[in-house]
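Here is a short note for someone opening this entry for the first time. Please read the points with the structure in view.

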Amino acid sequence: MPLGALVGARPFPLLAGVPLVGLSPLLVVVLVVLLAVAARTGGAPALVAVEGDALRIRPRGAVRVWAFAGPLDVPLRQVLAVAWSAQPGLPPGVRTHGTALPGVCFLGTFADRSRGIRERWLTFANRPVLVLELAAGTGFTRVVAQVADPQATCDQLQAVLARA
């Protein structure tokens, strides 16, 4: 094969007729479809557990990537209130890190600096959530996370907080 034939060759023969500029919208569409499929078929995007004297909130699976978030450890003494909600509503202010697709998901950090609010959301649309109100100094004022059973998790955490 002559060297000139290799210079213009593309690594993927299936994309031989597609201009490289046309790939970016295609990539965005594929990513949005994958996120929507994960929202409809996947389990809860977060796992909340008490480990020692701390509450650990862990994004699960691909949610870590979409939310740009790792585990969050909060000392139990800094958890002010725990509740669950059938309708989570909308995050405050603007998204500072993560992914927000109204009607699909709110994953990441949302803030309203004028009111001093900074929240982490790990939710898919229109599903019950666990709501944690946190004390100042934790980095967040509230965490809204979709877990497998928000009502049972809320009852367990309230019992743990009552003992602490």
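Which side chain meets that of D73 in a salt bridge? The partner is R56, at 3.6 Å from N to O. The points below start with the basis of the model and return to this pair.

1. **Basis.** This is a predicted model, in which local features need pLDDT of at least 70 and side-chain atom pairs count only at pLDDT 80 or more, while totals for chains, interfaces and linings use all residues. Residues are numbered from 1 along each chain as its sequence is written, and side-chain values use heavy atoms, with hydrogens and water left out.

2. **Overall layout.** The protein has four helices and nine strands. Helices (H or I, at least four residues) and strands (E, at least two) are DSSP runs, numbered from the N terminus. Read from the N terminus, the order is α-α-β-β-α-β-β-β-β-β-β-β-α.

3. **Burial and surface.** The protein has 164 residues, and 37% of them count as buried. Buried means under 20% relative accessible area, exposed means over 50%, and partly exposed lies in between (1.4 Å probe, protein chains only). The protein exposes about 9,600 Å². Carbon and sulfur atoms supply 63% of that area. Accessible areas come from the Shrake-Rupley method with a 1.4 Å probe; for residues, only the protein chains shown count as cover.

4. **Contacts along the chain.** Take the contacts between residues at least 6 apart in sequence: 47% of them join residues at least 24 apart. A contact means heavy atoms within 4.5 Å.

5. **The D73 pair.** A search of the whole structure finds five salt bridges. The term covers a side-chain nitrogen of Lys or Arg within 4 Å of a carboxyl oxygen of Asp or Glu. D73 is partly exposed, at 45% relative accessible area. R56 is also partly exposed, at 23%.

6. **The E119 pair.** R142 forms a salt bridge with E119, and their closest N and O atoms are 3.1 Å apart. Here too, distant parts of the chain are linked: R142 belongs to strand β9 (residues 142-145) and E119 to strand β7 (residues 117-124), 23 residues apart. E119 is buried, with a relative accessible area of 5%. Elsewhere, salt bridges that share partners join E51, R56, R58 and D73 into one network.

7. **The D112 pair.** D112 and R115 meet through their side chains in a salt bridge of 3.0 Å, N to O. R115 is exposed, at 56%.

8. **G98 and its neighbours.** G98 lies in strand β5 (residues 94-101). It is buried, with a relative accessible area of 8%. Which residues does G98 touch, not counting those up to four places away in sequence? They are W66, A67, F68, L107 and G108. G98 and W66 are 32 residues apart along the chain, yet their C-alpha atoms are separated by 5.7 Å.

9. **F68.** One of the residues that G98 touches is F68. F68 is in the loop between α3 (63-67) and β3 (72-75). Its phi is near 50°, a positive value in a residue other than glycine. F68 counts as exposed, at 60% relative accessibility, whereas G98 is buried.
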